[in-house]
Amino acid sequence: MSLIVQKYGGTSVGTPERIRAVARRVARYKSLGHQIVVVVSAMSGETNRLIGLAKEIMAEPDPRELDVMVSTGEQVTIGMTTLALIDLGIKAKSYTGSQVKILTDDAHTKARILKIDHHNIQEDLDQGYVVVVAGFQGVDEQDNITTLGRGGSDTTGVALAAALKADECQIYTDVDGIYTTDPRVVPEAKKLDSITFEEMLEMASLGSKVLQIRSVEFAGKYKVKLRVLSSFEEEGDGTLITFEEKNNMEDPIISGIAFNRDEAKVSILGVPDKPGIAYQILGPIADANIDVDMIIQNVGAVGTTDFTFTVNRIDLSKALGILNEKVKGHVGAREVNGNDKIAKVSIVGVGMRSHVGVASQMFRTLSEEGINIDMISTSEIKISVLIDEKYLELAVRALHKAFGLDA
């Protein structure tokens, strides 16, 4: 007998019939003797609908009250899922985030989990109940309802698995696992049987939308075994996210190709080349809560340098405004410009640690396709390049083939 946490996303519980299908799957696991905790998202589209209603009342909704509204989506789903289980003759009980209690900080709409009181859930499991918990939500020290941000139900599932010391956390979604790249871009993409935690963390941070990055970080911190499966397929083992290094000599060097279209490049030119200049540029950007990704400082004319970095595309105009208003004149820069027609492509794989020539193969492949590289960023198991957005899909297909991922 195992203790399993199963998380179902919005598409998996998008209709009453799909909720019944989830209940039937849970019942099968229960019949095998497993203890089951089910974490559910709101029905697909419901959170956006609730946000839209809030914005009809107030253009920029108060964060506390917005959390009160959007958290109701999951409350509906836990009730429906529990009813479906009871209808199948399964003992089941539902909990909201505050009933559990999932304690968070007070950062409304993007709260972080601090602690989970899992004793009530454990007692229910020991009494033979299936426990259904609302994802995406918690409560702060003042008993205010909080939400965890987009994709927060993944984090709820992983956090509960960690608190309960579950044997496995299964993430059910509309795909049947982690692929070498997006199959919509490369039809030859292959499903991975397993991927290391480090690789999954890089893939999630680089734009792979299968798992919320915070959930992967949580899994890594508490050593939670994760498995990604499809809620629409009865068979299949999905993809296991493991903490074990790959030792098979025949395993590919690269596990996947990730890409992100949401990048924008910002350049501030003719900056005095002196100590502290990077902080004078990026300090005001950080103060505005704008995340910076890739950074390059070039040697410009005598005594000056050009400083370039990337931000999320939605933050481009805000970043340019800050640089023009607060930085350009202060540091004596010549020019500030931005470009939102770029994209980031990355190769990821723990095999890069023991193989040389990976970067040169990547650069040669892009060169043969006539694709210019604008910026480069590397880590121990990742190489990322910034390219013109119009070449994104060509680059992904070429790299996928060059590294043998379609074999």
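How many residues of the lining of the second largest pocket are nonpolar, polar and charged?

## The pocket lining

Eight are nonpolar, one is polar and five are charged. Here Ala, Val, Leu, Ile, Met, Phe, Trp, Tyr, Cys and Pro count as nonpolar, Asp, Glu, Lys and Arg as charged, and the others, Gly among them, as polar. A pocket is an open set of points on a 1 Å grid over the protein atoms alone, where a 1.4 Å probe fits, with protein on both sides within 12 Å along at least five of seven lines; lining residues have an atom within 4 Å of a point.

Of the 14 lining residues, Ile 113, Ala 159, Phe 218, Lys 221 and Tyr 222 lie nearest the centre. Helix H9 (213–222) gives the most to this lining, with five residues. Helices (H or I, at least four residues) and strands (E, at least two) are DSSP runs, numbered from the N terminus.

## About the model

This is a predicted model: local features need pLDDT of at least 70, side-chain atom pairs count only at pLDDT 80 or more, and totals for chains, interfaces and linings use all residues. Residues are numbered from 1 along each chain as its sequence is written, and side-chain values use heavy atoms, leaving out hydrogens and water.

## A four-stranded sheet

Now for an open sheet with antiparallel pairing, in the order E15-E16-E14-E17. Its edge strands, E15 (292–299) and E17 (335–339), each pair on one side only. Two strands pair if DSSP finds at least two bridges between them; E15 and E16 (residues 304–312) have six. One example: Ile 295 has Phe 309 in E16 as its bridge partner.
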